[in-house]
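Subject: Structure handover and findings

Hello,

Please find the structure below, followed by notes on what was found in it. The cut-offs are given where each term comes up.

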Amino acid sequence: MTVPKMPRSQGFTLIELLGVVAIMAITLAFGLPSFRATIADNRLSTSANDMIIALQLARSESIKQVIIAGVNIPSGGGSQWDVFKNISGVPANVLQKYTAASGVRVDAISAGVMDETPTYRSDGRLTSATEIKFHFTLTHSTASRILTIQPSGRVSVCNPALDPSCT
């Protein structure tokens, strides 16, 4: 009677496993900085898009209800803003609250504008006769976005890193 041979176990050797781990570590070392930059860029874009949504909500409410509505941003900048309805000349009734993505700050950069709170009349135009600009910045990064609101109510966002003329 012959004893069957035990098949050699299937698996990886320690050397093969260390080689794969080393290759993954090198790949991550090259990819991680660009991944962080992508995340930072997405945070800025998300926050700027949230501001656009807030502005569109205020504009549509002012047209629909024939009132003044706007977006209240804390003086001195910050990371939160509210959409409000102006009833009898008093900003009351907060319709929606927004918070910027982690690490994003919003500051008004409009020169010469007395009131940097974008408010819309019932025809959908800004109450301000000049454009209003907001600068979205991210802590620990040079990336930024500039959001411009025209007196007509048109909103645009640009990236100063890609378009130097947008400042």
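Strand β6 (residues 132-138) is largely enclosed by the rest of the structure, because five of its seven residues are buried. Buried here means under 20% relative accessible area, exposed means over 50%, and partly exposed is in between (1.4 Å probe, protein chains only). Helices (H or I, at least four residues) and strands (E, at least two) are DSSP runs, numbered from the N terminus.

This is a predicted model, so local features need pLDDT of at least 70 and side-chain atom pairs count only at pLDDT 80 or more, while totals for chains, interfaces and linings use all residues. Residues are numbered from 1 along each chain as its sequence is written, and side-chain values use heavy atoms, with hydrogens and water left out.

Pairing around β6

Strand β4 (residues 104-108) pairs with β6 in the antiparallel sense over five bridges; two strands pair if DSSP finds at least two bridges between them. Asp107 has His135 in β6 as its bridge partner. β6 also pairs with strand β7 (residues 144-149), again antiparallel, over six bridges. In that pairing Ile132 stands opposite Ile149 of β7. The two strands β6 and β7 form a hairpin with five residues between them. His140, in the turn, has a positive phi of about 65 degrees.

Nonpolar core

Which residues touch the most other members of the largest nonpolar core? They are Met51, Val71, Trp81, Phe134, Phe136, Leu147 and Ile149, out of 25 residues in that core. At least two core residues each come from α1 (14-65), β1 (68-72), β2 (80-87), β4, β6 and β7. α1 supplies the largest share, eight residues. A nonpolar core is a set of buried Ala, Val, Leu, Ile, Met, Phe, Trp, Tyr and Cys residues joined through side-chain atoms within 4.5 Å. As background, nonpolar side chains tend to be buried together in soluble globular proteins.

Leaving out residues up to four places away in sequence, Leu147 touches Ala48, Met51, Ile52, Leu55, Ile132, Lys133, Phe134, Phe136, Val155, Ser156 and Val157. Contact means heavy atoms within 4.5 Å.

Salt bridges

A search of the whole structure finds six salt bridges, each being a side-chain nitrogen of Lys or Arg within 4 Å of a carboxyl oxygen of Asp or Glu.

- Asp41 lies in helix α1 and Arg145 in strand β7, so the pair ties together parts that are 104 residues apart in sequence. Arg145 is buried, with a relative accessible area of 6%, whereas Asp41 is partly exposed at 29%.
- Asp82 counts as buried at 18% relative accessibility, while Lys97 is exposed at 57%.

Ser79

Where is Ser79 found? Ser79 is in the loop between β1 and β2, and at 31% relative accessibility it counts as partly exposed. Not counting residues up to four places away in sequence, Ser79 touches Tyr98, Thr99, Ala100 and Val104. Ser79 and Phe136 are 57 residues apart in sequence and 9.3 Å apart in space, C-alpha to C-alpha.

Surface

Leu14, Leu17, Leu18 and Val21 make a nonpolar surface patch of about 400 Å². Patches are made of residues with over 30% relative accessible area and no salt bridge, with like charges joined within 9 Å and nonpolar side chains (Val, Leu, Ile, Met, Phe, Trp, Tyr) within 5 Å. Val21 lies in helix α1 and is partly exposed, with a relative accessible area of 46%.

The accessible surface of the chain comes to about 10,800 Å², 60% of it belonging to carbon and sulfur atoms. Accessible areas come from the Shrake-Rupley method with a 1.4 Å probe; for residues, only the protein chains shown count as cover.

Whole chain

The chain has one helix and eight strands, in the order α-β-β-β-β-β-β-β-β along the sequence. Of its 167 residues, 32% are buried. Among contacts between residues at least 6 apart in sequence, 48% join residues at least 24 apart.

Regards
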